[in-house]
Amino acid sequence: MRTKHIQYQTQGTCSQLIDVTADENDIIQQVFFLGGCNGNLQGISQLVRGQSIDAVIDKLRGIRCGTKRTSCPDQLSMALEELKKTPVTTSQ
């Protein structure tokens with residue numbers, strides 16, 4: 001399978017890192033968050049698996065957490081924007 005992968009350093013959230021893998025057709029295969037609200041982020045990870053990168057970006061971009069200018073879902077949309085620019089590699 002040909003995939004693309006990114007580890008995205010978050011800013012302004014309780015989570016510190018988002019690890020995302022998508023296939024060559026920009027379908028999200030897996031998402032892992034380091035830090036943050038574990039149960040909620042596991043739920044988000046499961047909900048976005050199998051979804052297209054663009055659809056998830058459209059749904060999550062701009063979501064805020066309380067008075068913060070961003071949120072973990074918003075940071076995931078930013079990670080996915082970066083992932084779209086990442087070259088596809090062949091996994092073994």
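Buried here means under 20% relative accessible area, exposed means over 50%, and partly exposed is in between (1.4 Å probe, protein chains only). Strands (E, at least two residues) and helices (H or I, at least four) are DSSP runs, numbered from the N terminus.

Before going on, a word on what you're looking at. This is a predicted model, where local features need pLDDT of at least 70, side-chain atom pairs count only at pLDDT 80 or more, and totals for chains, interfaces and linings use all residues. Residues are numbered from 1 along each chain as its sequence is written, and side-chain values use heavy atoms, leaving out hydrogens and water.

**The sheet**

Strands of a sheet pair through backbone hydrogen bonds, either parallel or antiparallel. In this model, four strands form an open sheet in the order β3-β2-β1-β4, with antiparallel pairing. The edges belong to β3 and β4, each with a single partner strand, so one side of each has no neighbour in the sheet. Two strands count as paired if DSSP finds at least two bridges between them. Here's how the pairs line up:

| Pair | Residues | Bridges | Direction |
|---|---|---|---|
| β1 and β2 | 2-9 and 15-23 | seven bridges | antiparallel |
| β2 and β3 | 15-23 and 28-35 | seven bridges | antiparallel |
| β1 and β4 | 2-9 and 89-90 | two bridges | antiparallel |

You can follow the pairing residue by residue. T3 stands opposite D23 in β2, and its bridge partner in β4 is T89. K4 stands opposite A22 in β2, while A22 in turn stands opposite I28 in β3. For T21, the bridge partner in β3 is Q30.

Now for the turns. The hairpin of β1 and β2 has five residues between the strands, and G12 there takes a positive phi near 80 degrees. In the hairpin of β2 and β3, with four residues between the strands, D26 takes a positive phi near 65 degrees.

**A look at V31**

V31 sits in strand β3. Is V31 buried or exposed? With a relative accessible area of 4%, V31 is buried. Setting aside neighbours within four places in sequence, V31 is in contact (heavy atoms within 4.5 Å) with I18, D19, V20, S45, V48 and L76. From V31 to G12 is 19 residues in sequence and 19 Å in space, C-alpha to C-alpha.

**The helices**

Helix α1 (residues 38-48) lies across β2 and β3, running at about 170 degrees to β3. Axes are lines fitted to C-alpha atoms, for helices over the stretch in contact, and angles run from 0 to 180 degrees between N-to-C directions.

Then there's a helix pair: α2 (residues 53-60) and α3 (residues 72-84) pack at about 150 degrees, with their axes 9 Å apart. Where do they meet? I53, D54, V56, I57 and L60 in α2 touch residues of α3 including P73, L76, L80 and K84.
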